[in-house]
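Work through the exercises below with the model open. Try each task before reading its solution.

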Amino acid sequence: MISNDAVKHAILALAGSYVLDYVQKKELQERTNQHYRQASQLISTALQKPKTHGVAESDGIVSAILLLLVDDVSKITFFPVVFLIFFF
């Protein structure tokens, strides 16, 4: 299922970004970015399908979006953009 895979990749991206705050490794950064891109692509694919627009069908996609949002907010450089999008 696309939403389960999106959540999995979003969690891995969030965990990787947390670890990168303490350990700077190029390989880890590349894998973290790969998981982030994969989660974003899976979310985009799922949102194009009308089936995932239903209330009961969208839980996984909403979870993945929120995980990526938390990942972006945890990075100082992205905070002002996210703040402006969701609060204005």
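**Exercise 1. The chain as a whole**

Solution. The chain exposes about 6300 Å². Carbon and sulfur atoms supply 64% of that area. Accessible areas here come from the Shrake-Rupley method with a 1.4 Å probe, and for residues only the protein chains shown count as cover.

Some ground rules come next. This is a predicted model, in which local features need pLDDT of at least 70 and side-chain atom pairs count only at pLDDT 80 or more, while totals for chains, interfaces and linings use all residues. Residues are numbered from 1 along each chain as its sequence is written, and side-chain values use heavy atoms, with hydrogens and water left out.

Now take the secondary structure. The chain has four helices and zero strands, in the order α-α-α-α. Helices (H or I, at least four residues) and strands (E, at least two) are DSSP runs, numbered from the N terminus.

Next, burial. Of the 88 residues, 27% count as buried. Buried means under 20% relative accessible area, exposed over 50%, and partly exposed in between (1.4 Å probe, protein chains only).

Last, contacts, meaning heavy atoms within 4.5 Å. Among those between residues at least 6 apart in sequence, 58% join residues at least 24 apart.

**Exercise 2. The faces of α2**

Solution. Start with length. Helix α2 covers residues 26-47, 22 residues in total. From first C-alpha to last it reaches 32 Å, close to the 32 Å expected at 1.5 Å a residue. The expected span is 1.5 Å times one less than the number of residues.

List the buried positions: Leu28, Thr32, Ala39, Leu42, Ile43 and Ala46. Seen down the axis of α2, these buried residues fall within an arc of 100 degrees, so they line one face of the helix. The arc is that of the directions from the helix axis to the C-beta atoms. On the other side of α2, the exposed residues are Lys26, Glu27, Gln34, Arg37 and Gln41.

**Exercise 3. Partners across the helices**

Which residues do Thr32 and Ala6 contact, leaving aside those within four places in sequence?

Solution. Take Thr32 in α2. Its relative accessible area is 6%, which makes Thr32 buried. Thr32 is in contact with Ala13, Gly16, Ser17 and Leu20.

Then take Ala6, in helix α1. Ala6 is buried at 0%. Ala6 touches Ala39, Leu42, Ile43 and Ala64. Ala6 and Gln38 are 32 residues apart in sequence, yet 7.4 Å apart from C-alpha to C-alpha.

**Exercise 4. Charge and surface**

Solution. A salt bridge is a side-chain nitrogen of Lys or Arg within 4 Å of a carboxyl oxygen of Asp or Glu. The count is one. The side chains of Glu27 and Arg31 form this pair, at 3.5 Å from N to O. Both residues lie in α2, four residues apart, about one turn of the helix. Glu27 is exposed at 54%, and Arg31 is partly exposed at 43%.

Tyr18, Val19, Tyr22 and Val23 make a nonpolar surface patch of about 430 Å². Patches are made of residues with over 30% relative accessible area and no salt bridge: like charges are joined within 9 Å, nonpolar side chains (Val, Leu, Ile, Met, Phe, Trp, Tyr) within 5 Å. Tyr18 sits in α1, residues 2-20, and is exposed at 52%.
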